[in-house]
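Open your viewer, get ready to select residues by number, and follow along stop by stop.

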Amino acid sequence: MAEPAKELGSSESLEEQVEQWRSYLRRRSAIRPVDVEELEDHLRGEVSTLRTAGLSENEAFLVAVKRMGALDAISNEFAREHSERLWKQLVMSPAGTVRTGADQQTETIIVLVLAALAALAVKIPSLFGLQWGRDMALSRNASLFVLPILTGYFVWKRGLSRGIWMRLALGFGGAFVFANVYRFEAGSDTEALTVLHLPIALWLLVGVAYTGGRWGESAGRMDFVRFSGELFIYYALIALGGGVLVGFTVGMFQAIGIDAQPLVQNWLVPCGMAGAVIVGSWLVEAKQSVIENMAPVLTRIFTPLFAFTLLAFLGTMLWTGHGIDIERNALIAFDLLLVLVLGLLLYSISARDPETRPSALDLLLVLLLVSALIADAFALAAIAARISEFGFTPNRVAALGENVILLVNLGWSTVLYLRFLSGRGSFTGLERWQTTYLPAYALWAAVVVIGFPPLFRFH
């Protein structure tokens, strides 16, 4: 068994080495975060003893890890002693905490109250004659009905300091101002861009609350990446279940001659969509390792599918000579595809042991990255050609910026991955690059929301 710290250079501090060791243990599904903390206490105690004996930081750390035994053996021991965890996690306390029945009940009540609050919040505008889908003011503020409540849940759960939650509140307040202070023209592109980009910018604030003061750490940001992916999975499952519920509701009421469509459209769907964000986030917290076991499987399934899809797309485009349609809806769909590619990469990184040797999945991921990089380059060329021919518009500039950001991420990720495969770089460098680059998307989204409306005169 290769120790996770064996290749650490002497230039790395003790805290950096401990963080890498801690991240390594957290990837072991049989070991809960509370167990990692206990093991870390033992490790630090051993390091302190060895330092007192005259060893350097690096020497003390390496010897302490050796004395604690192989980490795989520790994982197996935990799995044997706690083999019932996998099924108990479906009905018991959140992974990573030792919870009493009262604690669980309190959190469940708080989550249900917050979910109900989010569900009712989306209905408040109807009291003033506003309707979803008809009034763009509601669409601009859609994320502000739910994300502040979700952030509040993490502020409470993580016990964040007053200074942090006040800065978060200031961020949401600023978002509310810029979503409503501008006087957009009816059907303007800048208003539509605000609707699309404001949730992206606000998701960064959710991340700061979720990481509980660890946003500055690469491991903390990677935890937020895992949370985002797991929430997406849970939300999709809840949506599928909700679709079945809607179908049964309409069918049952139709059987007695009552039209339930107004109830479904005006209450069940919008309230369910809002409440599901809170409930889904709580489920991710409570049943985390169950999804952690599922997500890598999904990654292995969809990575080759997306890679071959992109290759087929590029081959067809070259064969037929058809360029990429740069109209807004087509570009949104295309950029979402590239974002999904990065999502697969991020989730593969988050679920991978950095010490593991390269495998066939790594080759597929590089193929996926190269295909996405080429596709993004074609998209940028099409956007630049359209701008040079017809001039700048909000949609074109927004698409240009987003595709440049994606191009930089895809390009450097490909370089780092190739370095890892060739043995000239570490997998940790790729992981650190991805987590460091995350704020770039939120910052560009903020630029679009704040700067584009006055720049393009609210058209």
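What does the charged end of Lys123 sit over? Select Lys123 together with Trp267: the charged end of the lysine sits over the tryptophan ring, 4.7 Å from its centre. For a charge to count as sitting over a ring, NZ of Lys or CZ of Arg must be within 6 Å of the ring centre and within 35 degrees of the ring normal.

Before moving on, note that this is a predicted model, where local features need pLDDT of at least 70, side-chain atom pairs count only at pLDDT 80 or more, and totals for chains, interfaces and linings use all residues. Residues are numbered from 1 along each chain as its sequence is written, and side-chain values use heavy atoms, with hydrogens and water left out.

Next, select Arg158 and Tyr210. Arg158 lies over the face of Tyr210, at 4.7 Å from the ring centre. Rings of Phe, Tyr and Trp (its six-membered ring) pair if their centres lie within 6.5 Å; planes under 30 degrees apart count as stacked, over 60 as edge-to-face and the rest as tilted. The count by this rule is 24 aromatic pairs. One of them is Phe302 with Phe306: the ring centres are 6.4 Å apart and the planes at 55°, so this pair is tilted.

Stay there and show helix H13 (residues 288-320), where Phe302 and Phe306 are four residues apart, or about one helical turn. Helices here are DSSP runs (H or I, at least four residues), numbered from the N terminus. Phe302 has 36% relative accessibility, which makes it partly exposed; buried means under 20% relative accessible area, exposed over 50%, and partly exposed in between (1.4 Å probe, protein chains only).

Now go to helix H11 (residues 218-255) and pick Phe248. This residue is exposed, at 55% relative accessibility.

For the next stop, find helix H17 (residues 427-455) and select Pro454. Its relative accessible area is 38%, so Pro454 is partly exposed.

Finish in the segment after H17, where you will find Arg457 and Phe458. Most residues other than glycine have a negative phi. Arg457, however, has a positive phi near 55°, and Phe458 has a positive one of about 60°. Arg457 is exposed, at 65%, while Phe458 is partly exposed, at 24%.

Technical notes:
Helices (H or I, at least four residues) and strands (E, at least two) are DSSP runs, numbered from the N terminus.
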